[in-house]
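Student: I would like a close look at one open site in this model, with the criteria behind each term spelled out.

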Amino acid sequence: MALTAYDFTGRTAFVTGAASGIGRATATLLAQAGATVHCADRDEPGLHETAKLVSEQGGTAHTHVLDVTDHASLAAAVAAVTAAGPLHTMVAVAGIMHTSTVLETRDEDLDRVLAVNFKGVLYACQEAARSMIATGTRGSIVTMASGAMDTASPGLLCYSVTKAAVVQLTKTLATEVGQHGIRVNAIAPGWIRTPMTDRHEPAAQEQAEAAMARRSPLGRVGEPQDIAHAVLHLASDAAAFTTGQILRPNGGVAMPW
Ligand code: NAI
């Protein structure tokens, strides 16, 4: 049997948060698998760096400088992609971290994190699903939740609430668009080494990573490629019977039933 399920040749993918970390690794891996990738982010230099990496590996990338909290911009970018051909894959990765205790959390903190981590994902999902339905494409949408979605840690209220909301969005949308052959799944990564988790002085960072690695049966933290491969699987035909699910590439740090 030929291993064609992971062949994205002739397919188009849209990745938000593609200028850094997990989004960049995902865009480059999808391109390696044969997809034409549309990379969206508010960080223009970072986007161009991702596009350069893709083209150095022989792939095709287009860039869209936008803020995912601006629904009109996201809608315009997806509409432009759809005008050129069907959109097969949406990966909503863009997100921000915020830490404050419950007692210190201000309205504006919660509003900002909700806008990026939840509404930004909602808009990407809405526009992708509308595009796929309009073109009759049996596509795949992958959202980025977090292990924080169902654990409690001091200071992580805003972040974890938005990630739990992403899970509900993912499952609800899966129930609504399955009739069109569209699959919707989420990934809940553990600690992945990216600029988002690089929040400490070098010595403290090393200690924090080592502490996290000790919690994993595999004895390490994750790399962006670990998550990119999980996205590739969920977006691919190999996951044709998988929808409304949460995949947890976390090194075994948490093992919910
Ligand atoms: P990162 O900070 O390296 O990348 C995030 C990207 O999102 C950046 O390129 C940033 O410019 C972009 N972005 C942020 N706000 C945006 C906005 N309003 N509009 C457009 N682009 C925006 O972070 P990383 O680690 O790659 O995280 C990616 C996703 O994975 C996030 O949703 C994060 O919550 C999630 N995640 C990360 C984990 C980790 O350990 N690194 C663990 C679990 C989840």
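Student: Which residues among those lining the second largest pocket lie nearest its centre?

Tutor: Arg-11, Arg-138, Gly-139, Arg-183 and Asp-237 lie nearest the centre of the second largest pocket, and 13 residues line it in total. This is a predicted model, in which local features need pLDDT of at least 70 and side-chain atom pairs count only at pLDDT 80 or more, while totals for chains, interfaces and linings use all residues. Residues are numbered from 1 along each chain as its sequence is written, and side-chain values use heavy atoms, with hydrogens and water left out.

A pocket is an open set of points on a 1 Å grid over the protein atoms alone, with protein on both sides within 12 Å along at least five of seven lines, and its lining residues have an atom within 4 Å of a point. The second largest pocket has a volume of about 170 Å³, taken as the space filled by probe spheres on the points. Its lining divides into two nonpolar, seven polar and four charged residues; Ala, Val, Leu, Ile, Met, Phe, Trp, Tyr, Cys and Pro count as nonpolar, Asp, Glu, Lys and Arg as charged, and the others as polar.

Val-68, by contrast, takes part through its backbone, with an N or O atom 2.9 Å from a nitrogen atom of the ligand. On its own the ligand has 820 Å² of accessible area (Shrake-Rupley, 1.4 Å probe), of which the protein covers 94%.

A cavity is a set of points where a 1.4 Å probe fits but cannot get out, and a search of the whole structure finds one of 30 Å³ or more. The space in the largest cavity is about 30 Å³. Helix H4 (residues 107–135) gives the most to its lining, with three residues, and that lining has six nonpolar, two polar and no charged residues.

Definitions and conventions: A polar contact is a pair of N or O atoms within 3.5 Å; within protein, one must be able to donate a hydrogen and the other to accept it, and residues adjacent in sequence count only if both atoms are side-chain atoms. Helices (H or I, at least four residues) and strands (E, at least two) are DSSP runs, numbered from the N terminus.
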